Amino acid sequence: MLEGPKVSQSELAKRFGVSQPQICRIIKNKERILSEWHRNGDPERKRKREGKDAALEAALLRWVEGARAADLPVSGPLLQLKAKHLAEALGRPDPEPSGDWLARFGARHNLAFKKPPAEKGDTEQPTAEHWAGVVLPGLLRSYTPSEIYACGETGVLLPASSPGKGESAGDRLTVLLCANADGSEKAPLRAVGESPRPRCLRGINLGQMPWSYRASSLAGMTAPLFTEWLQEFNEGMRRQGKSVLLLLTKHEAHPYLQLSNVRMVFVPPATALAQPLDRGIASDLKGHYRRRLLRWVPAERGAGQPILLDALHMLAQAWGDVRPRLIASCFRAAGFSPDASAEALALALAPGPLSQEQLERRALMDEELERDGEPADADGDEGTTEGEDAGEPAAVQPCPSEREVWGSLATLRRYLECRATSPDLFQAFYELEDAVHMVSAS
């Protein structure tokens, strides 16, 4: 209309029901208004609303433009995580952007978060058979077994306990497992639950635990949580001076990141090769975890059923019980080891992966063998009263009951939870706890 026959500002104001000064401002700022309208790309939008935090939005928009210029996928969860980091860097009092804020930010700047395409190179292969037979062996030849890692999630159920604040009966945990091909290194467990602030974790030095805990809805792994773990894993490899290969399945909770010391390779879902974790590693972990749950005797420990904190320690102990030899065999069975091809014939003739029932039965048999193999020296202590020194005091400290022993161990564990300076201290504590259990069961 402004480009047609000349019309006075007063007549335009009457036609559209606005004031003449408003028409004057529109004509004066015509170029800027049209530029912003074209950049927004939303012809239905009538108002230009600014966000409450212009500095945060400007920084986030620059990051999005840079990521897209570099052809990097940008998803909603990843953008929310980046917004949180930028808010913390800017010193905002509430650095946790909500999903509604993210939706408004996307609408203001015409951002659509679509499912990112498969990464080129490592994941875009013509067929699954070609990937398994050609691509994977070529990747593995560039790394030693200690530099080849696989990670994935598995679900475990918490024991039914008395519901309390932050814990409820039958809670579920998602556990992230990661290990290398020769079993020489197992990353600390990352557990994901529903409760963001469990009461039982208050006062604990969480940074020195042999496990870590995060929360999400439905206790499932999310892209921001996995991104956080990836960055921590990459930092750990950088400190060790290692450049490693990380094999994992393609999932919406597994975003692709370009990392300095970790090369991510997604396994095509249609391949005949199963992940090493599915070949027996996760099952072995669950078998050891269930065995520890079954031997928890509330009457002896002077407590009820295990709570979330107890379950996290049991999972860390169970992860330590998974032997390197079993991990290495699962990697070879999955074809994720450089020497897998040389052992292909032996693996084909050997039995398949153990079922869950077989793994649990083997764990129980190992425990019974350890028990039966103990030297029976109980009789050697009989008759010692006759040879006792008469000069010793008559009052002898009585042998503590099992309830007292477990209570003392619980006190020691709580002390380590609050004052430990290294996760390695818990490995020594777990070994002490296992030794006490063997003495109690003999």
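Modeller: This is a predicted model. Leaving aside neighbours within four places in sequence, W211 touches L189, L201, L206, L309, L312, H313, A316 and Y430.

Colleague: Which residues have the most contacts inside the largest nonpolar core?

Modeller: W211 and L247. That core has 55 residues. Its largest share, 9 residues, comes from helix α11, residues 308-321. A second, separate core holds 21 residues, including C151, L230, V244 and L257.

Colleague: How much of the protein is buried?

Modeller: Buried residues make up 36% of the 442 residues. The protein has 16 helices and 6 strands. Among contacts with a separation of 6 or more, 67% are between residues 24 or more positions apart.

Colleague: Why are α1 and α2 called roughly perpendicular to each other?

Modeller: The axes of α1 (residues 9-16) and α2 (residues 20-28) cross at roughly 110 degrees. The class runs from 65 to 115 degrees. The angle falls in that range, so α1 and α2 count as roughly perpendicular. Their axes come within 8 Å.

Colleague: Which residues make the contact?

Modeller: From α1, Q9, S10, L12 and A13. From α2, Q20, I23, C24 and I27. By class, the contact has 5 nonpolar, 3 polar and no charged residues.

Colleague: How many salt bridges does a search of the whole structure find?

Modeller: The search finds 13.

Colleague: What makes K242 and E185 a salt bridge?

Modeller: Their closest N and O atoms are 3.5 Å apart. The cut-off is 4 Å, so the pair qualifies. The pair links distant parts of the chain, 57 residues apart. K242 is in the loop between α8 and β5, and E185 is in the loop between β2 and β3.

Colleague: Is K242 buried or exposed, and how do you know?

Modeller: Buried. Its relative accessibility is 16%, and buried means under 20%, so K242 passes. E185 has 22%. That value lies between 20% and 50%, so E185 counts as partly exposed.

Colleague: What about R238 and E235?

Modeller: Their closest N and O atoms are 2.5 Å apart. That is within 4 Å, so this is a salt bridge. Both residues lie in helix α8, 3 residues apart, about one turn of the helix. R238 has a relative accessible area of 44%, so it is partly exposed. E235 has 25% relative accessibility and also counts as partly exposed.

Colleague: Why are R414 and E417 separated by about one helical turn?

Modeller: Because they are 3 residues apart in helix α15, residues 402-419.

Colleague: What joins R291, R292, R295, D321 and D434 into one network?

Modeller: Salt bridges that share partners.

Key. Residues are numbered from 1 along each chain as its sequence is written. This is a predicted model: local features need pLDDT of at least 70, side-chain atom pairs count only at pLDDT 80 or more; totals for chains, interfaces and linings use all residues. Side-chain values use heavy atoms; hydrogens and water are left out. A nonpolar core is a set of buried Ala, Val, Leu, Ile, Met, Phe, Trp, Tyr and Cys residues joined through side-chain atoms within 4.5 Å. Buried means under 20% relative accessible area, exposed over 50%, partly exposed in between (1.4 Å probe, protein chains only). Helices (H or I, at least four residues) and strands (E, at least two) are DSSP runs, numbered from the N terminus. Contact means heavy atoms within 4.5 Å. Axes are lines fitted to C-alpha atoms, for helices over the stretch in contact, and angles run from 0 to 180 degrees between N-to-C directions. Angles under 35 degrees count as roughly parallel, over 145 as roughly antiparallel, 65 to 115 as roughly perpendicular and the rest as oblique. Ala, Val, Leu, Ile, Met, Phe, Trp, Tyr, Cys and Pro count as nonpolar, Asp, Glu, Lys and Arg as charged, and the others, Gly among them, as polar. A salt bridge is a side-chain nitrogen of Lys or Arg within 4 Å of a carboxyl oxygen of Asp or Glu.
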